[in-house]
Amino acid sequence: MPSGQQARAQASAITPGGRAPEAPDAGEQPPAAQVRALFGGQRLSPAQRRIVQYITDHLTEAAFLSITDLADRVGVSQPSVTRFATSLGFSGYPALREALQPIALSVVAASPRTREENRRNELQTAVDNEIANLENLRRVFVDTDRVLEIGRELARSVPLTILGLRISVSLAEYFAYAARRIHPDVRLVSRGGSVAYDALLQSREAGGTWVLAFAMPRHAKETLAALRAAHRSGLRVALITDLTYGPLVEEADVALTAGTGSRLVFDSYAAPMMLSAGILQAMADAEPERTQFRLEKYEQAAEQHEFFLDQ
């Protein structure tokens, strides 16, 4: 009889192309997708990427700021904001702001909790923020093909390197710990500099083809350096991050985004963890016989060493 974890792995197999019946149609894009549509397809300067990130993260506020206030909050000059707007095809910043305001208002109107904002405490607000992040991730999961494809690619990479530096170490450690139960050779890189460079090169020389990287705020320059080193060594990069734009995303062959909870003094990672679990499931689906064999071995070892308390 399969163990509980083996049964879950089989029962939760992802359906290719599966779509939730209540998924919105193409004409009902969520606000985040509408904002991305305004900015998509453009090659942006570092200053312009900061403007995009600020507007995306603070849409309901940014859509009503003057050009002076927006420039001050992003840390760029007013001419930079004007150039950014014109590069997107607008006559100037006022026209861009006019395009953003209906989207921002739709966010406010769609939120039944807005009128009770002052009645909630800080912890409830933080939970609401995480629920919104999970709702956005749910929309990403409407079409499962992309997750299944990256799961197949990662499953075939032997060894498979998992990279996470600084605050992202905890996510990388979780993924590596779980992946080792279903994958024969998982290598965790949690230190930057020459240590990371050596590990990435060794992984490629051993036959690895992919590195899965985690990059959560604040985003470290050494993570960007490590992604570039991975490419130089011949590895492809799959990235899990909260960013939609920026140099980290530009360095990735595949970028999957999940928002972080930023309402408290330290960020929370419900959505990135759920995204990680989805990719692990896709890896298990890609190699079902190997997954079954390795989970059986793990359960046998656990029983021999009495890892678990009797229930």
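This is a predicted model: local features need pLDDT of at least 70, side-chain atom pairs count only at pLDDT 80 or more; totals for chains, interfaces and linings use all residues.
Local features need pLDDT of at least 70 and side-chain atom pairs count only at pLDDT 80 or more, while totals for chains, interfaces and linings use all residues. Residues are numbered from 1 along each chain as its sequence is written, and side-chain values use heavy atoms, with hydrogens and water left out.

**View 1. Lining of the largest cavity.** A search of the whole structure finds one cavity of 30 Å³ or more (a set of points on a 1 Å grid over the protein atoms alone, where a 1.4 Å probe fits but cannot get out; lining residues have an atom within 4 Å of a point). The volume is about 50 Å³, taken as the space filled by probe spheres set on the points. Leu-165, Arg-166, Ile-167, Ser-168, Ala-215, Met-216, Arg-218, His-219, Ala-220, Thr-223 and Leu-248 form the lining. Six of these residues are nonpolar, three polar and two charged.

**View 2. Helix H9, residues 145-156.** Val-147, Leu-148, Ile-150, Gly-151, Leu-154 and Ala-155 are buried (under 20% relative accessible area, 1.4 Å probe, protein chains only). Seen down the helix axis, the buried residues of H9 fall within an arc of 165°, so they line one face (the arc is that of the directions from the axis to the C-beta atoms).

View 3. Leu-200 is buried, with a relative accessible area of 0%. Leaving aside residues up to four places away in sequence, Leu-200 touches Thr-161, Val-211, Ala-226, Ala-229, Ala-230, Ser-233 and Leu-235 (heavy atoms within 4.5 Å). Arg-232 is 32 residues from Leu-200 in sequence and 9.6 Å away in space, C-alpha to C-alpha.

Note on methods. On a 1 Å grid over the protein atoms alone, a cavity is a set of points where a 1.4 Å probe fits but cannot get out, and a pocket is an open set with protein on both sides within 12 Å along at least five of seven lines; lining residues have an atom within 4 Å of a point. Ala, Val, Leu, Ile, Met, Phe, Trp, Tyr, Cys and Pro count as nonpolar, Asp, Glu, Lys and Arg as charged, and the others, Gly among them, as polar. Helices (H or I, at least four residues) and strands (E, at least two) are DSSP runs, numbered from the N terminus. The expected span of a helix is 1.5 Å times one less than its number of residues. Buried means under 20% relative accessible area, exposed over 50%, partly exposed in between (1.4 Å probe, protein chains only).
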